[in-house]
Amino acid sequence: EAKRAGGGRPARFEPAMRERAARRGGIEADLRRALQLGELFVVYQPVVGLAGPPGSLAVERNAGVEALVRWQHPTRGVVPPIEFIGVAEESGLIGELGAFVLEAACRQFVTWQRELADDAPRLLAVNLSRGQLREAGFTARVAAILRETGIDPRQLQLEVTESLAAQDQAVQASLHELRELGLSLALDDFGTGYSSLASLHLLPVGVVKIDRSFVSQAVDSAHHRVLIEATVRVAESLHMGTVAEGIETAAQAASVHALGCRKGQGYLFSPPLPADVLARWVRGDATA
Ligand code: C2E
Ligand code: MG
Ligand code: MG
Ligand code: MG
């Protein structure tokens, strides 16, 4: 932006940059404090089963949940992850933040298995970021959380983005180590990165999550429908499942179901919910 504005008065932009840096530093100190004071919490978005024959979609409420972190800030209210995950990455707080989310979510998931029995979500998805996978001893940290919470590792799915999954040897090695713990991996936001259908077989993932940018076009764009269908076909041939992300309308749900997606997630079904509300939602209580 500074360039486009011309070289005339660059000084005008310096205060803005300083301000941005200061704000970032402020967030960092704030986040450090938030972790200590317990201001972070986890919400859960249902992942539903899209069952039934073509043309008659039946929604299963307990296919799974995705854990999503939130920050209850004392003055700013609830802060979304886009505003602090990057800061956590850059400031080395991501390891601690990620471990907090994983442990809280595993603990909650095990409680649901006990309290909800057959209605309990069958799978827990938790997002990972770059800094966590690069952290020395990350696999051991996950193993300890599995042990301490008692979650069945087969019910845990860790989500990584394509750009991350396709990265260097260190990340690849980390992903393979994680799988040896008995959990599975999902490829998040598929279609937004540079990897292609042709390289899906190289990644150690069991599930492909088709990004919202495709799902939102599934009704109006034949081009996007073809891409979704191709993704489903390739995934199936590799014995991978698919989840359609960001389903907002009944027409989008019908479309991705017709194209072969067997799971979905989105505001049509439910936004991310606090744990107690999620429990009522999966049981189908009218109050949820
Ligand atoms: P994601 O993993 O792709 O998660 C899905 C995001 O889409 C969530 O945003 C969710 O609230 C939102 N979403 C779900 N359904 C709909 C819909 O129908 N329409 C629209 N417009 N949005 C929908 P959220 O919670 O703000 O999280 C954003 C991203 O932040 C996540 O994207 C994930 O990459 C990252 N993130 C969230 N929690 C964590 C965490 O605990 N650790 C790490 N490393 N990353 C996290
Ligand atoms: Mg995700
Ligand atoms: Mg996603
Ligand atoms: Mg996404």
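The model is predicted: local features need pLDDT of at least 70, side-chain atom pairs count only at pLDDT 80 or more, and totals for chains, interfaces and linings use all residues. Residues are numbered from 1 along each chain as its sequence is written, chains are lettered from A and ligands numbered from 1 in the order written, and side-chain values use heavy atoms, without hydrogens or water.

Start with β6, residues 184–190. Strands here are DSSP runs of E, at least two residues long, and helices are runs of H or I, at least four; both are numbered from the N terminus. In β6, 5 of the 7 residues are buried, so the rest of the structure largely encloses this strand. Buried means under 20% relative accessible area, exposed over 50%, and partly exposed in between (1.4 Å probe, protein chains only).

Now the metal. Donors are N, O and S atoms within 2.8 Å of the metal (3.2 Å for Na, K and Ca); water is not among the atoms, so sites may look incomplete. D189 lies in β6 and E245 in the loop between β8 (241–244) and α10 (250–258), so the pair ties together parts 56 residues apart in sequence. D189 is partly exposed at 25% relative accessible area; E245 is buried at 12%. D188 also coordinates the magnesium ion (ligand 2), 3.8 Å from ligand 3.
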